[in-house]
Amino acid sequence: MLIQHIEKDRQGSFFIEEEDIQLAEMDYSLSPPDTMIILHTEVDEALKGRSIGKKLLEHAVEYARVKNYKIIPLCPYVKSVFEKDPEIYKDVVKK
C-alpha cells in the first residue's frame, strides 16, 4: 500500500487512496515554528487489522524527524501509541 502525503497552508495528511477512494488518513496541522499537531486518524473497515494506523504514524513521525518538528498528539490513537512506547517517540513528542 502506498502512503501518500499532502501539505498545504499549514494543513496536511498522510493517506492511502485506491481507485480515487480514500481508505485511510492521518490529518495534522502545523503551528510555527516547529510543532506538528496530529488531529485525527481514520482507517476504513476494509483495512482493519493490518496496522495501517501505525504505518501512517510511522510516516508522520519520520516526516517530523526530518523537519525537526515536535508532535502534539490530539488524536486519541496517536496519543495511545505514544504512551505505550514512550522511548521510541521521546525525540518527537512536544512536552
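## Exercises on a predicted model

S29 is buried, with a relative accessible area of 13%. The model is a predicted one, and the exercises below start from this residue.

**Exercise 1.** Find the strand that holds S29, and list the residues in contact with S29 beyond its neighbours within four places in sequence.

Solution. 
- Step 1. Strand β3 covers residues 21-31, and S29 lies in this strand.
- Step 2. With neighbours within four places in sequence left aside, the contacts of S29 are R10, Q11, T35, M36, I37 and L39.
- Step 3. Buried means under 20% relative accessible area; S29, at 13%, is therefore buried.

**Exercise 2.** Locate D20 and decide whether D20 is buried or exposed.

Solution. 
- Step 1. D20 sits in the loop between β2 and β3.
- Step 2. D20 is not a glycine, yet has a positive phi of about 65°.
- Step 3. The relative accessibility of D20 is 72%, so D20 counts as exposed.

**Exercise 3.** Determine whether the peptide bond from P32 to P33 is cis or trans.

Solution. 
- Step 1. P33 belongs to the loop between β3 and β4 (35-43).
- Step 2. Omega for the bond from P32 to P33 is near 0°, and the bond is cis.
- Step 3. Most peptide bonds are trans.

**Exercise 4.** Describe the packing of α1 against α2.

Solution. 
- Step 1. Two packed helices are described by the angle between their axes and the distance between the axes.
- Step 2. For helix α1 (residues 52-67) and helix α2 (residues 76-84), the angle is about 80° and the axes are 11 Å apart.
- Step 3. Angles of 65 to 115 degrees count as roughly perpendicular, so α1 is roughly perpendicular to α2.
- Step 4. From α1, G53, K54, L57 and V61 meet Y77, V78, V81 and F82 of α2.
- Step 5. Sorted by class, this contact of α1 with α2 has 6 nonpolar, 1 polar and 1 charged residues.

Notes
Residues numbered from 1 in each chain as written. Predicted model: local features only at pLDDT ≥ 70, side-chain atom pairs only at ≥ 80, totals over all residues. Heavy atoms only, no water. Axes fitted to C-alpha atoms, helices over the stretch in contact; angles between N-to-C directions. Helix = DSSP H or I, 4+ residues; strand = E, 2+ residues; numbered from the N terminus. Parallel < 35°, antiparallel > 145°, perpendicular 65-115°, else oblique. Contact = heavy atoms within 4.5 Å. Nonpolar A, V, L, I, M, F, W, Y, C, P; charged D, E, K, R; others polar. Buried < 20%, exposed > 50% of the residue type's maximum accessible area, 1.4 Å probe, protein only.
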